[in-house]
Amino acid sequence: MSTAMPDGGYGKLKPSTGAVSPPPQSDEELEAPVGIPHAVLFTGPAAVGKHASALWWARLFKCRARAVCDPVCIDCKRLGAGSHPDVAALAPEAPGKAIGIDPVRDLIRMMSLKRVSPGPRIAIVREAHQLSFEAQSALLKLLEEPPGTALIVLVTENPAALLPR
């Protein structure tokens, strides 16, 4: 499984990192975001900040300080270091390469684990339009039946390439 790294490169699945803005103001918001669906699709042209917005969401829901702590709390430190155990990103191993089913299966297993810190477990699927048909089918099960307080963010510049077609 691979993930887009903070420097824009590609590598193995690991937690993701990004900038922060004000996080939730109460425990209720942190645990179960009201009005936020379990899955969202960020779409638009290349290089408009879709992935940065997904990373912002991860920080929004994982920050324990409930303020711009940048980084003071342990969760923001972990996100900044790319080592938060509750936040994972999936991306092609190389630009233009398809994302296969095995990385998606690994992501599904990771999302079913117990959370380490308050807030949802978060998966960011970068370049979701590059998921193979089999990978999209496997991810569909996670989207239909998310475990616990999962938040799944699909990032794409081509939503027409996603199931259903």
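Biologist: Is Ala47 buried or exposed, and how should I read that in this model?

Modeller: This is a predicted model, and within it Ala47 has 84% relative accessibility, which is over the 50% cut-off, so this residue counts as exposed. Ala47 sits in the loop between strand E3 (39–43) and helix H2, and its phi is positive, about 65°, although the residue is not a glycine.

Biologist: Which value does phi take at Glu127, and where is that residue placed?

Modeller: Glu127 has a phi near 60°, again positive in a residue other than glycine, and it belongs to the loop between strand E5 and helix H5 (133–144). Its relative accessibility is 18%, under the 20% cut-off, and therefore Glu127 counts as buried.

Biologist: How should I read the pair of helices H2 and H3?

Modeller: One begins with the distance and the angle between the axes: those of H2 (residues 50–62) and H3 (residues 74–81) come within 9 Å and cross at roughly 160°. Angles over 145 degrees count as roughly antiparallel, so H2 is roughly antiparallel to H3. The crossing of H2 past H3 is right-handed.

Biologist: Which residues make the contact, and of what kinds are they?

Modeller: From H2 come Ala58, Arg59 and Lys62, while H3 contributes Asp75, Cys76, Leu79 and Gly80. The residues of this contact divide into three nonpolar, one polar and three charged.

Biologist: Where does Arg121 lie, and what does it touch?

Modeller: Arg121 is found in the loop between helix H4 (101–111) and strand E5 (122–125), and with a relative accessibility of 4% it counts as buried. Leaving aside residues up to four places away in sequence, Arg121 touches Pro85, Asp86, Met110, Met111, Leu113, Lys114, Arg115, Thr149, Ala150 and Leu151. One of these, Met111, is ten residues from Arg121 along the chain, and their C-alpha atoms are separated by 6.5 Å.

Biologist: Is Leu107 buried or exposed?

Modeller: Leu107, placed in helix H4, has 0% relative accessibility and so counts as buried. Its C-alpha atom is separated by 9.5 Å from that of Leu142, a residue 35 places away along the chain.

Biologist: What pLDDT does the chain average, and where does the score fall below 50?

Modeller: The average over the chain is 80, with 77% of the residues scoring at least 70. Over residues 1–30, however, the pLDDT is below 50, although this stretch has 100 contacts in the model beyond near neighbours in sequence. Where pLDDT is low, predicted coordinates should not be read in detail.

Notes: Residues numbered from 1 in each chain as written. Predicted model: local features only at pLDDT ≥ 70, side-chain atom pairs only at ≥ 80, totals over all residues. Heavy atoms only, no water. Axes fitted to C-alpha atoms, helices over the stretch in contact; angles between N-to-C directions. Helix = DSSP H or I, 4+ residues; strand = E, 2+ residues; numbered from the N terminus. Parallel < 35°, antiparallel > 145°, perpendicular 65-115°, else oblique. Left-handed = near helix turned anticlockwise from the far one by under 90°. Contact = heavy atoms within 4.5 Å. Nonpolar A, V, L, I, M, F, W, Y, C, P; charged D, E, K, R; others polar. pLDDT = per-residue confidence, 0-100. Buried < 20%, exposed > 50% of the residue type's maximum accessible area, 1.4 Å probe, protein only.
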